[in-house]
Each structure stands twice: as C-alpha cells, then as structure tokens.
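Hi,

Here is the structure I promised to pass on.

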Amino acid sequence: MKEAVIEIEDKIDELLTCLDKDIQHIQECSLRLNELRSLVVKRNDTSLGKLLETIRVASERYRSCESQRQSLRKELAIAFGCNPGQMTLSRLEAALPKEKKAQVAERKAKLRVLTEELKKEHLSTALLLSDCARFNGLLLKSIFDLGGTGIVYYNSNGAAKRQTDTAFVNLRF
C-alpha cells in the first residue's frame, strides 16, 4: 500500500514538472505570436523565416512533453479508478493532500490565465493575417484588372463592349 502511495506521488511530481513545461511552452507561444505579428508588419522576410523554423523545431520538441502528460494522465486515472477522459486537474486536486493540492491548483490557475492570453494573441494574429490576405487580394485584383473598370458599355446595336484599350505595362519609350 505504501509503495502505491509513493508511486502516485512520483507520478504527481512528474505531472507537475510536465505542467511547468506546459506553462513555459504557452508563454513562449504567446511571445512568438507577438513577434510574428511584428515581423509581418515590418515585412522582414528573413527574420520571419527564422522564426517559423524556430516554431517548427519547438513544436517537435514539445510533442514529447505532451505525450508524457497523456501517459501520466492514463496512469493516474488507473491509480484513482476512473477513465483517462475523466482525469482532470480538478479531479486530481480534490483527491490530493493539502501540499500537492496547492501545487496543482497554482499550476491550473496559471494555465487558465495563460491559455486565455494565448487565445487573445492567436485571435490578434489571425485577424492581422486575414487583413493582410484581403489587402493582397485587393492589390492583385487592382493590378490585374487595371483599366477594366467593371463597366460594360453598350453600342447602338445593344452589344456589350468592355474597355480593352488600356495596357498593363506601356512598352513605348
């Protein structure tokens, strides 16, 4: 019985370490989204490419932490006699002694605040990129529809005629 309690405490300590990594990862993601928006606005393609590579590498490294957290969740669910889907931080917090309960509650609160902040950063980035795509689309449309006013002229016979005498580039010197 004592070994089972020690094993559960070890799993909880591993989970707390994993939650600390989650907190760090979310903070880094928020900073990267902020930096991404800055680089898009500045049109710094070189730094943007480096940032995107950094994001790719960091997400690959984070996968191991995520799989470890899921594994710990399954093991703790078995130890507490519930389904892995039912094993939440709130449920774990309710079953722990005061010291561990406070540590789990602290990390849960921090994660909640950081995820809300990350959602805001994500929304801001998505809106910026959406506006950039819209502006680029309008710019390309105005370039390729140069001279095409969208107005259709009708001659005396009633046939439709578009203005075609404007060139995209004037090649005369």
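A quick definition to start: helices (H or I, at least four residues) and strands (E, at least two) are DSSP runs, numbered from the N terminus. This is a predicted model, so local features need pLDDT of at least 70 and side-chain atom pairs count only at pLDDT 80 or more, while totals for chains, interfaces and linings use all residues. Residues are numbered from 1 along each chain as its sequence is written, and side-chain values use heavy atoms, with hydrogens and water left out.

The protein chain has 4 helices and 2 strands, in the order α-α-α-α-β-β along the sequence. Of its 173 residues, 23% count as buried (under 20% relative accessible area; exposed is over 50%, partly exposed in between, with a 1.4 Å probe and protein chains only).

Now for helix H2, residues 45-80. Its 36 residues reach 51 Å from first C-alpha to last, close to the expected 52 Å (1.5 Å times one less than the number of residues). Buried residues in H2 include Leu 48, Tyr 62, Cys 65 and Arg 69. After H2 comes Gly 81, with a positive phi near 70 degrees.

Over in helix H4 (residues 98-144) you'll find Phe 144. Phe 144 counts as exposed because its relative accessibility is 62%.

One last number: among contacts (heavy atoms within 4.5 Å) between residues at least 6 apart in sequence, 56% join residues at least 24 apart.

Cheers
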